[in-house]
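Reader: I'm new to this one. Can you put it up and walk me through it?
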Amino acid sequence: MLSHPAEKNTPEKPLVEHLLQVATLSARRIDGMKLDLTIVSKRDLSRLSFLIGLFHDFGKATSFFQNYIRTPGRRGSHLTHHSFVSAAVAYTTIKTELDSELLAIAAFRVIKRHHGNLEAFDNEDSSLKRDIAIAKDQLQDIQRHYKSELEDFFAARLERSCIPWTTDFSSLPENLDDWEDIAEDDLGDGAEERIEFFFVVNLLFSLLVDHDKKDAARLDSGYYEGNLDEPFPRVFDYIEHLRRQYPGKFDPTSPINARRQEFLKAVSENDAIDPDQRFYTITAPTGIGKTYGCLAFARALMDAMDTPAARVIYCLPYTSIIDQNFAVFEEIMRFHHGERYTERPGRYIMKHHYLEPKPVDKRVDVEEYRYKDYLDDVLLVESWESAMVVTTFVQFFHSLVGHKNRMLKKFHRIVNSIVILDEIQNVSPHYYKLLQKVLDVLGRRFNTWFLLVTATQPEIFAPSPMPPRELAASIEAMDDPLFNRVKLTVDIAPQPLTGFLERFVGEFVGPNCLMILNTRESAQTAYRHIQKELPRFQVFCLTTNLVPRDRKEKIKAIAEALTRGEAIIVVSTQLVEAGVDLSFKNVYRDFGPLDSIVQAAGRCNRHGEYGPLGGLARLVCLQDEARNLKEFHAYIYESIIGQMVRATLMGGEYEARQFADLSRRYFGMFDFQRESNLLLKGICDLNYDREAGNQTPVSKFQLIEEYNDEELYVLTTLDAQRDMDRLREAMSLLTTDELSPEERDETLLQIEGLKIALREYRLSFRSSELKAYADSRIIEGLEYFKYISYENQQKYAYDPDTGFLKSPKQELSNAAIF
């Protein structure tokens with residue numbers, strides 16, 4: 001019996017070997033975890049994960065599947081499908097093995113969906129009777145062909161049962177229908193136990209999917225083996241290295257560096273760091289060294305553990321701000337691990353988000369790299385095996401509250417990890433209660449540690465059974481004159497954008513300014529007006545209408561201009577508010593949430609170069625004259641947020657030292673519970689995907705609300721055009737019979753490389769934003785891969801200063817229109 005056929009350099013995989021390998025690896029992971037579960041013992045959970053692995057592909061033992069897998073090009077049928085019969089046999093066996101209807105149902109759901117996404121436990125499956133009838137035929141077929149071999153295999157591994165050859169699965173529909181009553185009996189109706197069971201199911205699914213895929217690929221994880229056992233870097237050693245290398249910049253006697261050193265010591269030597277405490281916060285001003293502080297905390301926590309083998313998962317809200325922090329972490333890892341890092345960098349740190357290339361650096365020799373190696377690397381990267389993972393909130397939270405196979409695959413790597421949530425204020429307040437409940441259970445029951453980092457700490461864990469401990473409280477950095485760098489003037493009487501701009505160009509004298517507006521359209525309007533009226537200033541426009549490559553180039557040019565002391569004005573949307581290391585004397589911010597206002601002020605006198613209170617930030621409230629003076633903030637923020645900001649900012653002027661108190665007052669008003677309650681009800685009922693009036697299915701959870709449903713590649717360089725031409729040619733080749741298997745693999749690898757390169761030119765839009773181009777030939781390509789050529793973007797669709805144009809240029813030629 002085979003589970004997988006031979007592929008190129010990999011031999012065929014015997015079925016029983018595959019089953020045992022997945023079962024053993026899954027149970028071994030549970031055995032190595034520290035768990036404090038209340039609904040199932042660790043021993044039973046380990047046993048359950050073993051049995052799930054042991055039965056997950058049982059249905060592949062049919063003659064139908066064995067003939068199918070040995071016949072290249074043969075199409076499968078309902079008799080070759082194996083997930084349902086595997087799940088049904090596992091359910092019947094596990095019910096006896098563990099004497100638990102609840103765990104047997106969990107095993108059934110996990111195995112049934114291990115090739116897809118998890119589905120609701122009370123799913124009304126109209127095909128259940130048909131599936132049972134097919135499963136009975138499949139079980140009889142297995143009994144005729146492989147009964148003896150399978151009985152020997154399973155008899156050696158089952159303790160209280162045997163393969164249910166004579167079952168007709170008649171009790172399965174009734175017991176699945178009784179799921180809620182069974183859950184009520186075993187779990188009660190307490191939210192904490194229900195959430196714990198939700199995570200247990202996700203953990204079992206994660207272990208099965210991850211080990212099944214890797215074993216099917218014959219993938220060796222030796223590249224990472226033992227990486228968590230190696231000591232985590234000490235930040236102080238790295239800073240000492242920097243002091244020797246750059247004595248001026250890192251002079252410990254300078255007031256700012258002395259304060260940063262005090263902050264790091266307060267974090268790393270804090271008596272509050274205790275492995276039994278799961279939740280921590282760092283609330284400190286911009287520029288104090290929070291990035292270093294995060295690593296200092298991780299090392300201090302590991303030093304306090306009995307077995308300090310914890311993965312560090314560092315999360316940021318946006319892909320656009322990951323590179324800067326990752327570069328810092330990478331240098332620390334390189335310094336700490338030396339030659340070992342050079343040989344296998346991905347073993348120690350990796351970056352994971354949807355824009356990041358997937359190859360694992362130096363796992364396979366470049367000369368021997370093939371498409372199969374790329375697919376293997378994708379499996380490894382998406383399962384988070386590195387000692388430190390730098391990723392996005394979306395990747396992290398959708399791996400906790402999710403139903404997708406690809407996301408949940410890495411959930412078992414999150415358990416027992418140290419999770420750092422930087423810029424946590426960017427999470428929607430609608431999800432505060434949801435995150436408080438699920439993180440609390442994940443922390444206390446699954447021994448996972450959380451550090452929440454921000455300059456404006458939202459009250460996510462208030463109230464909580466285990467409230468977080470603040471690590472920077474002792475240094476009172478918020479009141480230090482060194483960090484009291486900004487004076488905020490509040491002028492939130494609504495005013496038309498045009499009138500504001502006229503006053504600005506008439507009054508502004510320099511030396512530099514950042515203006516953060518709420519919409520791309522208002523930013524472009526302001527940019528054009530200022531550029532025309534203030535020619536003595538170099539003016540930049542930063543919005544998501546610029547392709548990523550151009551955005552990065554502009555940020556780099558802005559940083560260089562600021563370093564040279566040039567007179568510049570930058571008009572931007574909110575994309576500069578987090579993680580962009582730019583510092584201006586003057587900052588204007590259109591009305592928005594308080595945390596965004598404080599983030600904007602963080603771009604003002606960021607490094608204290610203009611002295612205490614030398615940064616001038618102004619909050620204004622701008623109106624759209626084209627739409628009956630509607631306030632721009634109303635396009636993107638809820639009205640209740642505006643009401644709370646107005647209730648918080650009652651005065652006309654504030655200093656940076658007051659921001660922490662303002663934030664506490666502001667976040668204390670938050671009581672958004674409806675969306676969290678509906679999702680929590682879906683989680684407690686294990687409703688992964690079924691629409692229901694009294695709850696929200698897990699599949700509908702969306703941490704960042706996505707308005708963009710169209711992707712468009714704007715080829716702003718000749719290199720991009722050449723890559724697109726090669727991509728189209730390669731994709732066309734795949735539809736022919738001209739390629740040998742080796743050439744096909746090379747072509748597939750080439751396609752992946754080209755797709756990665758072209759991500760630097762990808763923009764996202766609402767469909768309505770592309771209506772002006774609907775009747776033209778400007779946008780080319782396939783429905784799922786649309787692009788504007790290098791020539792057309794120059795002529796019609798893209799301005800190198802402001803980016804993609806909402807409407808084609810007026811000089812559009814007749815040749816481009818149909």
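Author: A term before the tour: a cavity is a set of grid points where a 1.4 Å probe fits but cannot get out, and its lining residues have an atom within 4 Å of a point. Also, this is a predicted model.

Reader: How many cavities of 30 Å³ or more does the structure hold?
Author: It holds 2 of them.

Reader: Let's take the second largest cavity. What lines it?
Author: Its lining is made up of Leu-488, Val-587, Arg-589, Ile-597, Ala-600, Ala-601, Ala-617 and Arg-618. The volume of this second largest cavity is about 30 Å³.

Reader: How does the lining of the second largest cavity divide by class?
Author: There are 6 nonpolar and 2 charged residues, with no polar ones.

Reader: Which helices or strands supply at least two residues of that lining?
Author: Strand S14 (586-590), H23 and strand S15 (615-624) each do. H23 has the largest share of the lining of the second largest cavity, at 3 residues.

Reader: And the largest cavity, how much space lies in there?
Author: About 200 Å³. It is lined by 17 residues, and the closest to its centre are Pro-285, Thr-286, Arg-485, Ala-656 and Phe-659.

Reader: Which helices supply at least two residues of the lining of the largest cavity?
Author: Helix H23 (594-601) and helix H25 (659-667) each do. H23 gives the most to this lining, with 3 residues. So H23 gives the most to the lining of the largest cavity and has the largest share in the second largest cavity, by the helix numbering from the N terminus.

Reader: What classes do the residues of the lining of the largest cavity divide into?
Author: They divide into 11 nonpolar, 4 polar and 2 charged.

Reader: Tell me about H9. How far apart are its end C-alpha atoms?
Author: They are 37 Å apart. Helix H9 (residues 191-216) has 26 residues, and at 1.5 Å a residue it should span 38 Å, so the two values agree.

Reader: How many residues of H9 are buried?
Author: 22 of the 26 are buried, so H9 is largely enclosed by the rest of the structure.

Reader: What comes just after H9?
Author: Arg-218, which takes a positive phi of about 55°.

Reader: Change of topic. Where does Thr-448 lie?
Author: Thr-448 is in the loop between helix H19 (432-445) and strand S8 (449-454).

Reader: Why does Thr-448 count as buried?
Author: Because Thr-448 has 0% relative accessibility, and buried means under 20%.

Reader: What is Thr-448 in contact with, leaving aside its neighbours within four places in sequence?
Author: Its contacts are Arg-278, Ile-414, Val-415, Asn-416, Ser-417, Val-419, Leu-442 and Gly-443. With Asn-416, the side chain of Thr-448 reaches the backbone nitrogen at 3.1 Å.

Reader: What separation is there between the C-alpha atoms of Thr-448 and Val-620?
Author: They are separated by 42 Å, and the two residues are 172 residues apart along the chain.

Notes. Residues numbered from 1 in each chain as written. Predicted model: local features only at pLDDT ≥ 70, side-chain atom pairs only at ≥ 80, totals over all residues. Heavy atoms only, no water. 1 Å grid on protein atoms, 1.4 Å probe; cavity = no way out; pocket = protein on both sides within 12 Å on 5 of 7 lines; lining within 4 Å. Points joined across faces, edges and corners; volume = space filled by probe spheres on them. Helix = DSSP H or I, 4+ residues; strand = E, 2+ residues; numbered from the N terminus. Nonpolar A, V, L, I, M, F, W, Y, C, P; charged D, E, K, R; others polar. Buried < 20%, exposed > 50% of the residue type's maximum accessible area, 1.4 Å probe, protein only. Contact = heavy atoms within 4.5 Å. Polar contact = N/O pair within 3.5 Å; in protein donor to acceptor, adjacent residues only side chain to side chain. Expected span 1.5 Å × (residues − 1).
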